[in-house]
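Have the picture open while you read, and look for each spot as it comes up.

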Amino acid sequence: VLNQEEYASFRMMERRRTVEYHVDVAVVGASTGGTAAALAALQAGCSVLLTEETDWVGGQFIYPGIEKN
């Protein structure tokens with residue numbers, strides 16, 4: 001079990017890792033628009049990579065009016 005400091009350090013190490021993906025479409029940001037774009041590309045038969053820096057997708061659609069600190 002990791003304490004909070006160890007977990008934060010682990011997450012930072014995880015983010016620095018370099019991984020290479022080969023996809024037709026890369027969508028950066030899983031906001032409502034980004035998610036819709038990724039779904040449209042999938043429906044068109046494309047391979048898709050959808051990334052998001054937070055722990056949820058949907059942006060303001062999911063949490064309207066909440067500002068990210």
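Val-27 stands opposite Leu-50 in β2, and Val-28 stands opposite Thr-51 in that strand. Keep in mind that this is a predicted model, where local features need pLDDT of at least 70, side-chain atom pairs count only at pLDDT 80 or more, and totals for chains, interfaces and linings use all residues. Residues are numbered from 1 along each chain as its sequence is written, and side-chain values use heavy atoms, with hydrogens and water left out.

**Strands and helices**

- The protein chain has two helices and two strands; these are DSSP runs numbered from the N terminus, with helices being H or I of at least four residues and strands being E of at least two.
- Follow the sequence along and you get the pattern α-β-α-β.
- How do β1 and β2 (residues 48–51) run? They run parallel, and four bridges join them; strands pair if DSSP finds at least two bridges between them.
- Together, β1, helix α2 (residues 32–43) and β2 make a right-handed β-α-β unit. Right-handed means that, with the strands pointing away from the viewer, the path from the first strand over the helix to the second runs clockwise.

**Around Asp-24**

- You'll find Asp-24 in the loop between α1 and β1.
- Is Asp-24 buried or exposed? Asp-24 counts as exposed because its relative accessibility is 56%, and the cut-offs are under 20% relative accessible area for buried, over 50% for exposed and in between for partly exposed (1.4 Å probe, protein chains only).
- Leaving out residues up to four places away in sequence, Asp-24 touches Gly-45, Cys-46 and Ser-47; contact means heavy atoms within 4.5 Å.
- Asp-24 and Leu-49 are 25 residues apart in sequence, and their C-alpha atoms are 8.3 Å apart in space.

**The surface**

- Val-19 sits in the loop between α1 (4–16) and β1 (25–28), and it is partly exposed, with a relative accessible area of 44%.
- The protein chain exposes about 6000 Å², and carbon and sulfur atoms supply 57% of it; accessible areas come from the Shrake-Rupley method with a 1.4 Å probe, and for residues only the protein chains shown count as cover.
- Of the chain's 69 residues, 10% count as buried.

**After β2**

- Val-57 lies in the segment after β2 and is partly exposed, at 46% relative accessible area.
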